[in-house]
Protein chains: 2
Amino acid sequence: MIKLYYAAHTCSLASHIALEDAGAEYSTVRISFAAEEQRKPEYLAINPKARVPALVTDNGILTETPAMLVFIAQSFPQARLAPFEDPFFFAEMQAFNSYLCSTLHVAHAHRMRGTRWADDASAIAAMQRKVPDSVAACYRLIEDRMLRGPWVMGESYTVCDPYLFTIAQWLEGDGVDPAKFPKVIAHRQRMSERAAVKKAIAEELA
Amino acid sequence: MIKLYYAAHTCSLASHIALEDAGAEYSTVRISFAAEEQRKPEYLAINPKARVPALVTDNGILTETPAMLVFIAQSFPQARLAPFEDPFFFAEMQAFNSYLCSTLHVAHAHRMRGTRWADDASAIAAMQRKVPDSVAACYRLIEDRMLRGPWVMGESYTVCDPYLFTIAQWLEGDGVDPAKFPKVIAHRQRMSERAAVKKAIAEELA
């Protein structure tokens, strides 16, 4: 059976929602960042990157949200969470998730995880000051060019949706004005009403 | 016909090599970063992110290297560049590419692209100072945990290989000691001997 290692308020929520969307049988293990459990030997044996999420499967362990989301979609084809039969549409979906992972999430991470990229306090503070602008620039592209509506890829709900929803939880905390991104906020609201989303969030915050 | 927009010495080389590996018919357009062509209206109409690569296909335009690499593999199945029929192996391949894109490439980018994440010169200098350590930490994981040999995923050559090869071009420039990563360097050498790699590089540097 699939086991998801997650931490509350992190990008692991995307995979958690996707497992619900897929109708998967799975269990979860909560990792406490406050207790630095992600750096303890027990967890490093699961994921030497010291990050969440990690997905333990019958075949081995997976990490990296874009890869995990597609794995979940491919493992539960009846849920129709990714269009494998259409290479271009599938690539557009993957491009969206890759942008979230490597540009938007990275811009956001400069608020709380600056020590990944600089050591001195003034540099870390300078990174934090730029987060509202750099994160907003990502949402500008998503709002104007990427998010088709009602779902990210248009009429088809895909694994892009839980991923955008998850990252959009951090928008106000990053100092971005939600009023400037009405499509993103409407998508976040639409997602929040889904039973799968409510169930995953309730479990993570229990 | 497929058209690749690339810039020399960037991650677009990965897709260029993959197109050669696939035996694709394609054309290329060189974007000069020195002339800031990536920010000109003509290119922003292709890719509003003002980055390379971009791939113009019969169905539309794709960006984001991990998505483009899988699209190339899926469009030319006879080249067997990705194991679509094995969801777990495919996910491991995607996880590797996602790590290159969102962690290793991002660590590297703090050397030359610090203005993405901070405005003041001292912060940008602080980011540059950390690049040798943050990039080396990524290669430590790749060397010890990810790169199976002879190819990234083991006996099967996949689209992970041109991507790692491309990013490993920057290793010495990032201040990382190649002697500490013999598997990565052997892979880079092995790749450099392939005809597809030689052809793509020769075209980009012509």
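Tutor: Begin with contacts, meaning heavy atoms within 4.5 Å. By that rule, 47 residues of chain A are in contact with 47 residues of chain B. This is a predicted model, in which local features need pLDDT of at least 70, side-chain atom pairs count only at pLDDT 80 or more, and totals for chains, interfaces and linings use all residues. Residues are numbered from 1 along each chain as its sequence is written, chains are lettered from A and ligands numbered from 1 in the order written, and side-chain values use heavy atoms, with hydrogens and water left out.

Student: How much area is buried between chain A and chain B?

Tutor: The size of an interface is often given as the accessible area lost when the parts come together. Buried area is that loss, found with a 1.4 Å probe and summed over both parts. Here it is about 3700 Å², with carbon and sulfur atoms giving 63%. On the chain A side, Phe88(A), Trp117(A) and Lys130(A) lose the most area to chain B, together 17% of what that side buries.

Student: How many salt bridges are there between chain A and chain B?

Tutor: A salt bridge is a side-chain nitrogen of Lys or Arg within 4 Å of a carboxyl oxygen of Asp or Glu. The count between the two chains is four. One of them pairs Arg129(B) with Asp120(A), whose closest N and O atoms are 3.4 Å apart.

Student: Is Thr166(B) buried or exposed?

Tutor: Buried means under 20% relative accessible area, exposed over 50%, and partly exposed in between (1.4 Å probe, protein chains only). Thr166(B) has 1%, so it is buried.

How values were computed: Buried area = accessible area lost by both parts, 1.4 Å probe.
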